[in-house]
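The sequence and the structure are shown here.

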Amino acid sequence: MKNIKNSIFYVGVNDRTTHLFERLWSLRRGVSYNSYVIVDEKVAVIDTVEASSAGTFFGNIAEATGGRPVDYLIVNHMEPDHSGSIAMLRNRYPEMKIVGNAKTLQMIAGYYGISDNLVEVADGGTLSLGKETLTFYLAPMVHWPETMVTYASEAKVLFSGDAFGCFGALDGGVTDEQLRFEDYYDEMVRYYACIVGKYGAPVQKAIQKLSALQIDVIAATHGPVWMNSIPKVIALYDELSRYAAGKGVVLAYGSMYGNTAALCDEIACKLRSNGVEKIKIYDLSSADMSEVLRDIFLYRGLVVASPTYNNELFPPVRELLNKVAERTVKGRLFGFVGSFTWASAALKRMNEYAEKNAWEVLPCSIEMKQSALSVRDEQIEEFAKQFAEAL
Ligand code: FEO
């Protein structure tokens, strides 16, 4: 039994079986679906878990409650990694009231056909469990429109939904008294970049809205429960949602036969000799896209290199640019390298992306015909020098 604070217990589960979160994002270290139960005069569960883990989840609840029935289920977020066990939990506890805002309740009906014994709450609404009182704050688009967070005022615990969450199963503990923030840093940035990255403005709004609360514990739906690292966790989410970035360069290329790759290696060496210390190079045909996005959220520089393919961008490069554009990534410095064999198109297409998304692009792009024999050393040096200066 994992007590968090006062009468609050962790009843979530680790998933080390699923390979792709949302069938998109790699989970090499697994993921946790966090759920909590408050055992007071009334018993309340906060969020559920992904459906395949329901059996373990129900066992955890029974252990924490000593077999008492669940009176309330609070639904902060409806994405099925958290809502997937709602219908099964209702079958287990038929009297259980389900608490959510108007948008949540509409989704519960839509996903699970449940339309009875529901309690609708508004922004700032409260629910007393006995000693503990819950207050609900709407946090739309962190990560879906119905998203809300729940604050337990007696224990000063914020149940924050996806906000402040991260990838990575909980290896040997639940809270950051047992697990180190630093060990989850990469997975938190990767989670943010992939899942929440599009919603920087709503995250900023939520951070401001919740800033008046005294928070001793952040209990998110993924990753460790934060107690000691709260300032670090909030600072990181604040930076990421402002699209703040450090000095460094991601160099992401497509290359069919190695010519564009060879040019990128030369550019990387020149960037380093011009003082850029942090350089991450990715071959987009084999790279893990979630790691590329993670590093794009960390570093200001993004050099993109693409062959011309069917008079378009090389497909994996186009996929990356679409993902960057979808996430409305701001404040980055782009450098473009286009290559072609008989008809140039890649560089033109990259510039179209830049114009459409108002990206800042280094003026001296490089274009290569067939191989690096067509590119002068001075051109590469000038590109790297200007890029390093503008970082
Ligand atoms: Fe972890 Fe948006 O669900």
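## Burial and overall fold

Of the 391 residues in the protein chain, 57% count as buried. The model is a predicted one. Its secondary structure comprises 12 helices and 23 strands, and the C-alpha trace spans about 75 × 40 × 35 Å along the principal axes.

## Surface and charge

The protein chain exposes about 16,000 Å². Carbon and sulfur atoms supply 49% of that area.

The chain carries 39 positive and 47 negative charges.

His 82 is located in helix α2, which covers residues 80-83. Is this residue buried or exposed? His 82 has a relative accessibility of 1%, and because buried means under 20%, His 82 counts as buried.

The side chain of His 82 makes a polar contact with the side chain of Asp 81, at 3.1 Å. Leaving aside residues up to four places away in sequence, His 82 touches Asp 47, Thr 48, Val 49, His 77, Asp 162, Thr 221 and His 222. The buried position of His 82 is thus described together with a side-chain partner, Asp 81, and with a set of neighbours that includes Asp 162 and His 222.

Methods:
Residues numbered from 1 in each chain as written. Predicted model: local features only at pLDDT ≥ 70, side-chain atom pairs only at ≥ 80, totals over all residues. Heavy atoms only, no water. Helix = DSSP H or I, 4+ residues; strand = E, 2+ residues; numbered from the N terminus. Buried < 20%, exposed > 50% of the residue type's maximum accessible area, 1.4 Å probe, protein only. Areas by Shrake-Rupley, 256 points an atom, 1.4 Å probe, with all protein chains shown as cover. Lys, Arg positive; Asp, Glu negative; His and termini not counted. Charge placed at Lys NZ, Arg CZ, Asp CG, Glu CD. Polar contact = N/O pair within 3.5 Å; in protein donor to acceptor, adjacent residues only side chain to side chain. Contact = heavy atoms within 4.5 Å.
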